[in-house]
Amino acid sequence: MRNRFGTAAAIALMTTVGAVLLSACGPDTTGSSPTAAPTGAAPTGAAPGSAAPGTAAPGAPSHSGSPAPGGKEVNGTSAANHLTISTGTQTVAMNGTTVDFGTVVRDLAWSPDGKKAAFVNGDGDLVTANPDGTGKVTLAKNPGGETWSHPTWQHATTDPGVTTVPGALDRFATIVFASSKGGVLKLEKVPTKTPGATPEVLTPHNSEGGNDNLPQPPQTGNTWANAGGHRGEIAYANTPANEVYIYDDYIRPDTRDVGKGSQPALSPDGEHVVFVRSVNGHDHLFTRSMDVDRKDEKDLTPSAGTDYTEPAWSPDGKTVAARTPDGVSTLPADGSAAPTHVSTVKGLPVYRP
């Protein structure tokens, strides 16, 4: 029985009351101690899209950890593989070339439909833009004294056959990001359709049938949020505990501890999470199902001779991209093949739907 963050009975209850939800789509430095990246720091990883697992980009080395032949840069992105790479500069690698956004782009993230990009600019503000860098809108202006990082588009849609109340899902049309102030890490959120809004602190918590007296997860030390699936779930890391959590309030607030790790990313269908964990001196990639009854945690990089960090899922959920010291590598999400080095561009890997 899949007992993730709600049961069939809970869904039925939700249908009765008409409560449902709607859509919206900072790096840490190691797999063992996630922290928000300084505002002035370049993002740390870039990844290819849904390219066939195990297929290197033309001219790229066949394994991670080796430079391209002759030191030539390999872009590794294409319209076919959906990979984009933000490097903390004005340019973003995508579609086999680079796009100048006209401003510093840190920690780029794509909306669920791929039509908008969200990122932190050189002033530390949260900005959205079109894929070609035009149409920039400041969603939230940094008040100063804070470091914002790693935005993600929260997303929720109606379950088939479920009666909805108009506007019931609007609360999920947000961008969640990490904020660091005075050394205190918190998650914050802003609505995607209200430019200039003041961010609100996101407080992951638990509630069962209206009972808020359950043990609550940490409210500070939280960073590296990543949304996935269609129920508004958010994966995030807690730095002091070096733990990965999943927060879901589609029906009622529920926060679950996934285990040791950092830099989590939820699969497009919301059924799996990939995260980073240090093993024998290197950062490995692990996946596990969101089904609480399944014990299927898997090390995707058991023979890692380098660090794999900042993972991202391809739109079809079949491939995972990760940053390495030499650029970006991809591998099958089921761990059936070793990573392939596909790009020498060093930055944050993220797939554009």
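A polar contact here is a pair of N or O atoms within 3.5 Å; within protein, one must be able to donate a hydrogen and the other to accept it, and residues adjacent in sequence count only if both atoms are side-chain atoms. Keep that in mind for the stops below.

**Before you click**

This is a predicted model, where local features need pLDDT of at least 70, side-chain atom pairs count only at pLDDT 80 or more, and totals for chains, interfaces and linings use all residues. Residues are numbered from 1 along each chain as its sequence is written, and side-chain values use heavy atoms, with hydrogens and water left out.

**Whole chain**

Color by pLDDT, the predictor's confidence in each residue, from 0 to 100. The protein averages 82, and 78% of the residues score at least 70. Now select residues 1-67: pLDDT is below 50 over this stretch, although it has 256 contacts in the model beyond near neighbours in sequence. Contact means heavy atoms within 4.5 Å. Where pLDDT is low, the predicted coordinates should not be read in detail.

Switch to cartoon and you get 1 helix and 25 strands. Helices (H or I, at least four residues) and strands (E, at least two) are DSSP runs, numbered from the N terminus. Of the 353 residues, 56% count as buried; buried means under 20% relative accessible area, exposed over 50%, and partly exposed in between (1.4 Å probe, protein chains only). Put on a surface if you like: the accessible area comes to about 13800 Å², with 53% of it belonging to carbon and sulfur atoms. That area comes from the Shrake-Rupley method with a 1.4 Å probe; for residues, only the protein chains shown count as cover.

**Stop 1: Asn 75**

Select Asn 75, in the loop between strand S1 (45-47) and strand S2 (83-86). Is Asn 75 buried or exposed? Its relative accessibility is 16%, so Asn 75 counts as buried. Show side chains and you'll find a polar contact of 2.4 Å between those of Asn 75 and Thr 77. The Asn 75 side chain also reaches the backbone oxygen of Thr 97, at 3.1 Å. Leaving aside neighbours within four places in sequence, the contacts of Asn 75 include Ile 85, Ala 93, Ser 343 and Val 345.

**Stop 2**

S2 and strand S3 (residues 91-94) run antiparallel and are joined by 3 bridges; two strands pair if DSSP finds at least two bridges between them. Their hairpin has 4 residues between the strands, and Gly 88 there takes a positive phi near 85°.

Thr 91 has Asp 100 as its bridge partner in S4. This S3-S4 hairpin has 2 residues between its strands, with Asn 95 in the turn at a positive phi of about 55°.

**Stop 3: Lys 346**

Jump to Lys 346, in the loop between strand S24 (340-343) and strand S25 (348-351). At 45% relative accessibility, Lys 346 counts as partly exposed. Not counting residues up to four places away in sequence, Lys 346 touches Ile 85, Thr 87, Arg 323, Pro 325, Asp 326 and Gly 327. A polar atom of the Lys 346 side chain lies 3.3 Å from the backbone oxygen of Pro 325.

**Stop 4: the S5-S8 sheet**

Select S5 to S8, an open sheet of 4 strands in the order S5-S6-S7-S8, with antiparallel pairing. Strand S5 (106-110) and strand S8 (137-140) stand at the edges with a single partner strand each, so one side of each is left without a neighbour in the sheet. The twist averages 30° from one strand to the next; axes are lines fitted to C-alpha atoms, for helices over the stretch in contact, and angles run from 0 to 180 degrees between N-to-C directions. Inside the sheet, strand S6 (residues 117-120) and strand S7 (residues 126-129) share 4 antiparallel bridges, and Val 120 is bridged to Leu 126 in S7.

**Stop 5: the S9-S12 sheet**

Finish on another open sheet of 4 strands, ordered S9-S10-S11-S12 with antiparallel pairing. S9 and strand S12 (200-202) are at its edges, each with a single partner strand, so one side of each lacks a neighbour in the sheet. Here the twist averages 35° from one strand to the next. In strand S9 (residues 147-153), 7 of its 7 residues are buried. S9 pairs with strand S10 (residues 174-181) over 5 antiparallel bridges, and Thr 147 has Ser 180 as its partner in S10. S10 pairs in turn with strand S11 (residues 184-191) over 8 antiparallel bridges, and Thr 174 stands opposite Pro 191 in S11.
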